[in-house]
Every structure is written in structure tokens, then in C-alpha cells.
2 protein chains.
Amino acid sequence: MTGIPADTAEEELDRVMEGAAAAAPALAAMRPPERAALLRAAADELDSAAEELVPLAIEESSLPEPRCRGELGRTTFQLRFFADLVEQGGYLEASIDRADGKWGMGPRPDVRRMLVPLGPVAVFGASNFPFAFSTAGGDTASALAAGCPVVVKAHPGHPRLARRTGEAVAAALAEAGAPAGAFAVVYGEETGRRAVLHPRTRAVGFTGSIPGGRALFDLASSRPDPIPFYGELGSVNPVFVTRAAMAARGAEILEGYAGSFTQGAGQFCTKPGVLLVPRDADLGPLVADVEGRTPARLLNDRVAGGFAAGLDRLSARPDVEVLVQGAAGADGWTPSLLRTDLDALLADPEGLLEECFGPASLVVRYDDESRLLDVAGGLHGQLTATVHGEEADEVAPALLAALSEHAGRVLWNGWPTGVSVTHAMHHGGPYPASTSVLHTSVGATAVRRFLRPVAYQSVPDPLLPEALRDANPLGIPRLVDGEPE
Amino acid sequence: MTGIPADTAEEELDRVMEGAAAAAPALAAMRPPERAALLRAAADELDSAAEELVPLAIEESSLPEPRCRGELGRTTFQLRFFADLVEQGGYLEASIDRADGKWGMGPRPDVRRMLVPLGPVAVFGASNFPFAFSTAGGDTASALAAGCPVVVKAHPGHPRLARRTGEAVAAALAEAGAPAGAFAVVYGEETGRRAVLHPRTRAVGFTGSIPGGRALFDLASSRPDPIPFYGELGSVNPVFVTRAAMAARGAEILEGYAGSFTQGAGQFCTKPGVLLVPRDADLGPLVADVEGRTPARLLNDRVAGGFAAGLDRLSARPDVEVLVQGAAGADGWTPSLLRTDLDALLADPEGLLEECFGPASLVVRYDDESRLLDVAGGLHGQLTATVHGEEADEVAPALLAALSEHAGRVLWNGWPTGVSVTHAMHHGGPYPASTSVLHTSVGATAVRRFLRPVAYQSVPDPLLPEALRDANPLGIPRLVDGEPE
């Protein structure tokens with residue numbers, strides 16, 4: 001069992017999905033400390049297996065060791081973060097409206113609402129984060145935290161890591177008391193499509209490309225019973241540098257930019273793909289910086305092929321100038337830097353703002369700062385949009401407002417690569433950043449994707465779920481008549 | 001302008017949608033008391049226009065006057081309820097994570113999350129609630145509360161009421177300071193499809209039939225940029241009566257049932273379409289009760305035709321016995337009562353649990369109470385499911401648990417018709433009760449359908465939205481580092 005896992009047979013997928021469905025009620029019924037213990041056990045097991053997992057990740061993803069170790073740490077932090085969240089209990093949104101004979105629209109009964117797990121979730125991991133957005137990544141952690149069984153469709157970019165990660169998680173969950181079937185890994189592209197269409201699947205989490213994600217979104221929507229499809233797809237993450245910011249700290253900004261767009265060989269969904277700067281900005285140091293960066297391997301041939309094609313398309317355009325021509329060598333790709341003008345961008349935003357997944361970015365020169373608003377106003381949905389500015393910049397308020405209409409995260413004087421797992425983080429955005437504009441794949445509220453509300457009307461206290469009983473035996477934050485209890 | 005409004009021309013719809021999009025930023029930027037004032041102004045205007053609106057509703061919907069008056073009261077209560085919610089501000093979900101150099105996965109920046117309006121919302125009202133689920137109903141109220149412009153596609157069952165209601169709302173909003181374009185009514189089935197596909201539309205709210213809703217859901221999902229489609233479709237709202245409950249208060253339960261399924265001529269999405277009772281239950285008084293009910297007009301010919309066809313299908317089945325044969329007369333339809341057995345139901349749940357919208361319901365006799373769990377476990381998604389039981393019933397905990405997996409609202413010893421507008425109410429459920437299992441069309445959380453999160457990273461205080469500034473100038477409830485401020 002050290003080779004590449006074979007595709008999962010259709011009958012086996014059926015067994016896995018039936019097992020997940022059978023596990024759902026028991027997993028949903030686990031009390032908060034029990035479910036939190038599952039997540040912590042998985043985190044501990046993954047930490048313990050680091051010396052096995054990290055070499056596999058390096059081998060299959062070509063990512064450097066420090067990155068792989070750091071990412072594993074992020075992944076186990078995330079599992080523990082969700083464990084804390086489960087114990088805290090606010091995510092259940094427990095809300096109690098007592099019967100009220102004087103309610104304004106007529107007497108109301110006792111109504112109590114809380115969130116309950118959706119049921120089995122199919123998770124499609126990404127190749128570029130083999131730990132944090134894959135088998136035991138954010139979708140898996142948040143779905144398990146919500147109380148949903150998880151069936152991971154292994155990413156073909158790291159099948160052996162996926163299998164080994166899956167074994168570690170499954171063993172830890174079983175040991176910690178999870179019902180059989182609560183977690184499984186399956187293999188194969190057709191298996192993935194079948195999982196999206198499987199009657200037992202109640203939701204899908206996906207991180208990947210626009211074409212791949214859209215195809216699965218369409219499948220999920222085509223079902224006799226459509227299910228939620230949470231796809232985090234593509235983004236060019238534009239960065240707007242005001243004239244004043246460039247004057248005040250241009251060198252620092254350009255250095256930060258080069259570091260951000262080449263980080264992880266540019267294989268971040270939050271890579272800044274476009275940087276807008278005043279025409280007179282001195283790009284000399286930036287060009288030298290980019291030229292001096294060492295090559296880095298791309299994740300796999302498919303990613304490399306897609307990157308090369310996208311870079312060729314951009315480079316061949318008459319309105320694009322190649323400032324630094326990156327190339328593939330024995331040690332991977334050196335980064336590329338391209339340049340165009342704001343007028344060209346506005347003339348063909350579709351062509352120039354296509355995501356080019358890999359180590360390349362496009363500098364856009366502008367003359368009139370106020371026209372940054374035209375660019376911002378015409379953006380497709382973005383995971384992030386960034387302004388490097390000065391507080392006194394006249395354009396800043398309108399620019400931030402326009403960007404908040406099109407992006408899920410708006411940054412000031414920072415870089416979008418690096419998405420912290422926190423309570424308030426939002427990693428999503430209007431389509432195509434996400435197929436589900438209301439939801440995030442990172443941060444505390446990611447659990448909400450896998451929960452649905454149920455209202456209990458006039459149900460006697462002993463028959464209510466614990467979260468809604470008068471005595472609040474779980475000790476969770478609740479609303480009573482719309483106010484904190 | 002007193003005739004039936006003509007279908008809206010395509011160019012006019014374009015103008016309306018562009019106007020809505022143009023209004024969106026200004027509407028989103030209104031401070032909470034200003035936006036609340038819009039909703040209250042609309043409520044006041046509708047109340048003032050009652051003597052005009054109620055007769056129109058009676059004429060176009062055939063619903064009796066007390067019902068129309070009561071429903072208008074519910075509608076204006078709902079607008080004011082959302083106004084209070086806007087002022088209270090908790091719906092913004094403001095959440096502040098301060099920068100933390102010691103955060104477990106590595107230093108985190110300052111990240112602040114809140115919800116912002118999606119943009120223009122297309123609303124499709126229902127025929128059976130010409131006020132509360134139509135032009136100025138729950139979808140409109142919650143979308144405006146969220147800060148989204150609304151374009152209502154008038155229901156063809158009450159086009160003149162829709163126009164007059166729309167005029168009242170538009171006038172009130174304009175008077176109260178809403179931007180032009182914040183609210184409009186359009187007409188025609190093709191216009192509705194175009195509105196779902198229009199590039200400016202950011203979400204759709206719909207209440208109606210499964211085929212109609214599914215067709216529009218498919219359109220929304222087929223867009224180059226799919227948008228959320230919140231459709232509240234169909235439900236049979238099963239009611240389970242335990243042996244002990246029937247023994248303790250059978251007469252009362254059967255009387256309540258007859259009242260509930262004939263209310264509004266059975267034209268409620270929450271009508272109890274199925275009642276499961278012990279085989280030895282005495283149905284004599286129920287039959288007499290139903291036979292004695294007066295006829296009531298159905299909403300329109302389309303509803304009547306659909307009802308007659310559905311009733312014929314059920315009545316013609318060899319496994320269904322007609323206890324009371326309703327019929328159409330000059331004053332409308334008298335109610336029908338049908339009967340079958342639990343084994344028949346389990347043999348063909350699709351056929352016997354089809355929604356039959358109108359004054360008819362199906363009594364299902366059971367022998368073995370524990371088999372109620374088989375029925376509950378096999379249900380499609382439901383808006384409601386009800387148990388009439390005694391607290392000591394052995395079957396009760398498992399039955400409530402099973403029903404909560406398939407229904408959005410679970411009732412005990414009550415009737416599902418009548419959905420109060422409260423903080424904790426949930427009116428939705430797994431498909432086909434709703435196309436969006438996570439959301440509700442009634443109650444405080446209905447606003448969430450029209451909001452999306454934005455995270456602001458390291459944005460200076462003066463450039464942040466007011467809701468996220470350090471001083472909390474709006475005075476709203478917020479989380480700071482995951483805890484209430």
C-alpha cells in the first residue's frame with residue numbers, strides 16, 4: 001500500500017456514503033466537549049505523524065520543507081481552533097422566543113431556533129495547500145466541527161499524502177469515539193463527480209480552479225435535490241497603490257509586492273496578480289528584485305502547463321510589455337513581471353484580469369488616480385483587494401467602498417497572501433471568487449456552511465435539544481426574545 | 001391606469017435594474033435609523049391605504065375580508081419588526097479581531113468583519129398571501145432591511161393590488177429619503193425570467209410552486225455568475241398523532257386538524273397535508289366536521305385546476321379511500337378528506353405525499369406506533385412536521401429527532417398553519433421545502449439571505465465603516481476576539 005491509490009469503485013463509494021449517512025445522527029448527537037475532543041485528537045495525531053507527512057508533502061507537491069511544516073502547523077491549529085469554537089457554542093445560534101400573548105401581530109407560541117448539522121459533506125481539497133486546504137484542511141475541520149461526516153475526494157496532486165493524512169484522521173477520530181463512517185477518503189475524478197451527485201451527500205466544499213469548480217457546482221445544482229456547493233475558485237487580487245503612498249514608501253511597497261506574488265511560486269489563490277501604480281513610479285528596483293529571485297518548482301505538470309499557457313497569452317498581447325521574462329529550468333520557474341496601462345486594462349478587463357496561477361504578475365500604470373475607481377468598479381468578484389495608501393488620500397474612501405463591493409477581504413497597506421484563521425476572517429467573495437457569496441472557507445464562520453436552522457415550536461423542555469432547554473445545560477450564549485440571555 | 005398592468009418591456013426592465021443598481025450604494029450607505037425610517041414609512045403608508053388595498057385584495061384573491069385585513073396588519077408589523085432589527089444592529093455581525101503577535105498559528109493582523117448588502121434583489125411574491133408574501137411581504141421587507149434595492153415581479157394573481165401596493169411603498173420610500181430606484185414593481189412571466197438572468201440582479205427571493213421555483217432556480221444557477229436563489233416551494237407538513245395523545249384528547253386533535261387543513265381553503269404552504277393516527281381512532285366526528293364546513297373560493301383558476309387534478313389523482317388510487325368528497329360549487333370548494341394506510345404510504349411515498357394545494361388532506365392509519373419512525377425517516381424536505389403526543393411517549397424523542405432532520409420547523413401539540421414573525425422563527429427546510437436549506441423566509445434571520453461578509457484587514461479607523469470603528473459609534477453588539485464586546 002505504498003503506491004498511488006487506485007480510483008475508488010462505484011460500489012465502494014456507495015458504501016462510504018451510506019456509512020457517512022449512518023454516522024450522521026450519532027455524530028450530530030455528540031455533546032460539544034466530545035466533538036471538540038475528536039478535532040483535538042485529529043490534530044494531535046497529525047502533529048505526531050509530522051515526520052511521515054512532511055516528507056510525503058514535499059515529494060508530492062514540490063513545496064519546500066519549511067513551508068510544509070508551517071502549513072501542517074496551521075492545519076492542526078485550525079482543528080484546535082474549531083474545537084474551541086464547538087465548546088464555546090455560540091456557533092449554534094441558539095435563540096429562544098418565549099410564548100407571548102401580546103406579540104404585535106397576534107399571540108405567538110414558544111419558538112426556539114438552533115443550527116443542526118446538514119449531514120455528509122464531500123470535500124475537494126486543493127493541490128497548492130496539501131495540508132491546510134486539503135484532506136484535513138479547513139473544509140474538513142469546519143464540517144466535522146459542525147457535526148457532519150466528511151468524505152474527502154483526494155487531490156490527485158498528492159494522493160499518497162491524502163491517504164496517509166486520511167488514515168491518521170480516521171484513526172484519531174475512531175480512537176476518540178467518533179461513529180464509524182464519520183470520515184473517509186476516496187479517489188478518482190469520476191468518483192468526485194459521483195460524490196457530488198450521490199443522494200447521501202448534503203453539501204460540498206471545494207477549493208480549486210474556476211472550470212473545475214464550476215463543473216461541480218453545475219452538477220450539485222442539477223441534482224433532483226440541489227445541495228449547497230461551497231467552491232472557492234479564482235481571484236486576481238488587485239492591489240492599488242496611490243500616488244502619495246508610492247511617493248512615501250515606493251521601494252518598500254515594490255519589495256513587498258515582489259515577495260507576495262512570488263511566495264509559494266505564486267501558487268496562492270490570494271496572489272496579487274495585478275498592481276496599479278502611478279506612471280512615474282520607478283520600477284527599476286522591482287525588476288532587479290524579480291530578476292534576482294531563485295526558481296521554484298510548480299506543484300505538478302498540470303499547474304505548470306496552465307501557467308505557461310496563461311503567461312504566453314498575456315506576454316503575446318500587444319498591450320503588454322514583458323519586464324522580466326521568467327522561464328522553466330531544472331529547478332523550476334523563475335518569476336515573470338509584465339506591464340500594461342490603465343487604458344488597456346479598462347479596454348479588455350476580461351483578458352488582462354484572467355487569473356494566471358503561478359509566479360507572474362502584471363503592473364498597470366495609471367496617470368489619473370481617480371480612474372482607479374473605474375478599475376475597482378468593473379472588477380469581477382475577488383477574494384481580496386488591497387490599497388496601499390495614505391490616510392489623507394482623497395481617493396481612499398471611495399476606493400475602499402468600491403472594492404468592498406467586489407471583494408471578500410479589503411486590505412490596507414498589506415499583502416493578501418497569508419490568510420489567518422481567526423474569528424473575523426472572511427475568505428470568499430462574489431463569483432468567481434466563490435460560488436457562494438455568503439460564505440467563507442476560512443475562519444470561525446466557515447462552520448455555518450454545514451449547518452441549517454431548525455425551529456422547535458412549543459416542544460416540552462425535556463424533549464428539546466440541550467442547547468434550547470430553559471436551564472441552558474450546555475452553558476452557551478443564546479438570545480432570548482432577541483436579546484443576549 | 002385602473003386596468004391590468006401590461007407586461008414590462010425588456011428595455012423598461014433594463015432601466016429598472018440599472019436604476020436599482022445605481023441606488024444600491026446610497027441605500028447601503030444609509031445609517032441604521034435612516035434605513036429603519038424607510039421601513040416604517042412604508043408600513044405607515046400601507047396602513048393608511050388599507051381601505052384601498054383590502055378591497056383590491058379581496059377582489060383579486062377571493063380571500064375573505066378579515067383574512068385580508070389581518071394579513072395587511074401582519075405585513076406592516078413585519079416591516080416595523082425589521083426596522084427595529086436594523087436599529088438594533090446585531091444583524092451586521094460585526095466582529096473585530098485585533099492584531100495579535102502571539103496568535104497560535106503566527107502573528108495575525110487586525111481583521112474586522114461585517115455584513116454588507118448584496119445589491120439588487122428580485123422578489124417573486126406568492127398568490128396565497130397577497131400582502132405578507134408578496135409585493136411588500138417578507139422578502140421585500142428583509143431585502144430592504146438588509147440595504148438592498150428590490151424589484152418585485154408582480155404576481156399575476158393580484159396584479160392591481162401589486163401595482164397599488166408598489167405605488168404606496170415607492171412613494172413612502174421616496175418621501176423618507178430612499179434613493180431613486182430603490183424599489184420597483186415589474187410585470188410578466190418573461191419579465192420575471194429576465195430579472196433572474198439580469199446582470200444587475202444579485203439575489204432572488206421566491207415563494208411559490210415546486211415547478212415554477214425550480215425553473216427559476218435553474219436559471220439563477222445557469223448564469224455566468226450564479227446568484228443565490230431563495231425559493232420557498234412545497235411541503236406536505238405531516239402530523240404524527242401518537243396513540244396516547246389520541247386516547248387523551250382525540251376529539252380536540254381532530255377538530256384542530258380540520259380547522260388547520262381547511263384554513264384559507266387549504267391554500268397555505270404549511271397546510272397539514274397528512275395526518276397519521278392509530279387505526280382505531282374514531283374518525284366519525286372528523287368526517288362530520290369536514291362535511292359541515294362551508295365552501296371557500298380558491299385563489300384563481302390556475303390554483304383550482306391544479307388542486308382538482310391533484311385531488312383526482314389521489315382519489316382515484318386503489319389504496320386511497322375518500323371519506324369526504326369535496327366539490328366545487330358557486331361559492332367555491334368544499335373540503336375533501338381522504339384515507340389510506342401506513343403500509344401504502346411507505347410503498348409509494350412519492351405518490352401519496354405529493355403536495356395538493358387546496359382544501360384536502362390525507363389521514364393515514366397505523367397499527368404499530370414505532371413505524372412512524374419509518375415514515376419520518378423517509379420524508380422529503382418539509383417546512384414543518386408536527387407531533388401530537390404525550391411527554392411520556394416512548395416514540396417521542398426518536399420521532400422528534402427524525403423529523404428535525406427533514407423539517408425546518410418541528411411542532412409539538414400545535415398546528416403548522418400560522419407562522420409568527422419572531423426572532424427565532426424558521427420558515428424553510430431541506431429541498432423541496434426550500435431551494436436554500438440554510439435560510440429562512442420568515443423571521444429575523446431572513447435578512448441574512450441578502451447580506452455578504454466583508455473582512456477589512458488593517459484598515460485605519462477613520463476609513464472603516466462605522467460599524468467596525470473602535471469607538472462603536474453605532475452602538476451595536478459586536479464580537480471582539482470572538483467574545484461579546
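Visitor: How many cavities of 30 Å³ or more does the count come to?
Guide: With a cut-off of 30 Å³ or more, the cavities are counted on a grid. A cavity is a set of points on a 1 Å grid over the protein atoms alone, where a 1.4 Å probe fits but cannot get out. Points are joined across faces, edges and corners, and a volume is the space filled by probe spheres set on them. By this rule, the cavities number eight.

Visitor: What kind of model is this, and how are residues numbered?
Guide: The model is predicted; local features need pLDDT of at least 70 and side-chain atom pairs pLDDT 80 or more, whereas totals for chains, interfaces and linings use all residues. Side-chain values use heavy atoms, without hydrogens and water; chains are lettered from A and ligands numbered from 1 in the order written, and residues along each chain sequence are numbered from 1.

Visitor: What is the volume of the largest cavity, and which residues are closest to its centre?
Guide: The largest cavity holds about 170 Å³. Its lining counts residues with an atom within 4 Å of a point. There are 19 of them, and those closest to the centre are A:His439, A:Arg448, B:Leu438, B:His439 and B:Arg448.

Visitor: Which element gives the most to the lining of the largest cavity?
Guide: Strands are DSSP runs of E with at least two residues, helices runs of H or I with at least four, numbered from the N terminus. Strands S2 (111-117) and S17 (451-457) of chain A, and S2 (111-117) and S17 (451-457) of chain B, each give two or more residues to the lining of the largest cavity. With three residues, the top contributor is S17(A).

Visitor: How do the residues lining the largest cavity divide by class?
Guide: Ala, Val, Leu, Ile, Met, Phe, Trp, Tyr, Cys and Pro count as nonpolar, Asp, Glu, Lys and Arg as charged, and the others, Gly among them, as polar. The lining of the largest cavity then has eight nonpolar, four polar and seven charged residues.

Visitor: What lines the second largest cavity, and which strand gives the most?
Guide: The second largest cavity holds about 130 Å³. Its lining has 17 residues, with B:Lys271, B:Gly273, B:Glu354, B:Cys356 and B:Ala360 closest to the centre. By class, the lining has eleven nonpolar, three polar and three charged residues. Three residues come from the top contributor, chain B strand S14 (residues 360-366).

Visitor: Where is the cis peptide bond of chain A, and what is its omega?
Guide: A:Pro432 sits in the loop between strand S16 (407-412) and S17 of chain A. The cis bond joins A:Tyr431 to A:Pro432, with omega about 5°.

Visitor: Which residues does the cis peptide bond of chain B join?
Guide: Look in the chain B loop between strand S16 (407-412) and S17, where B:Pro432 is found. Omega is about 5° for the bond joining B:Tyr431 and B:Pro432.

Visitor: How are H2(A) and H6(A) set to each other?
Guide: Axes are lines fitted to C-alpha atoms over the stretch in contact, and angles run from 0 to 180 degrees between N-to-C directions. H2 (residues 32-48) and H6 (residues 159-175) of chain A pack at about 135°, axes 8 Å apart. Angles under 35 degrees count as roughly parallel, over 145 as roughly antiparallel, 65 to 115 as roughly perpendicular and the rest as oblique. H2(A) and H6(A) are therefore oblique.

Visitor: What residue classes make the contact of H2(A) with H6(A)?
Guide: Contact means heavy atoms within 4.5 Å. A:Leu38, A:Ala41, A:Ala42, A:Glu45 and A:Leu46 of H2(A) meet A:Thr165, A:Ala168, A:Val169, A:Ala172 and A:Leu173 of H6(A). By class, the residues are eight nonpolar, one polar and one charged.

Visitor: At what angle do H2(B) and H6(B) pack?
Guide: In H2(B), B:Leu38, B:Ala41, B:Ala42, B:Glu45 and B:Leu46 meet B:Thr165, B:Ala168, B:Val169, B:Ala172 and B:Leu173 of H6(B). This contact has eight nonpolar, one polar and one charged residues. The axes are 8 Å apart, and the angle is about 135°.

Visitor: What is phi of A:Ser62, and where does the residue lie?
Guide: Phi of A:Ser62 is near 65°, a positive value in a residue other than glycine. A:Ser62 lies in the chain A loop between helix H3 (50-61) and helix H4 (65-88).

Conventions:
On a 1 Å grid over the protein atoms alone, a cavity is a set of points where a 1.4 Å probe fits but cannot get out, and a pocket is an open set with protein on both sides within 12 Å along at least five of seven lines; lining residues have an atom within 4 Å of a point.
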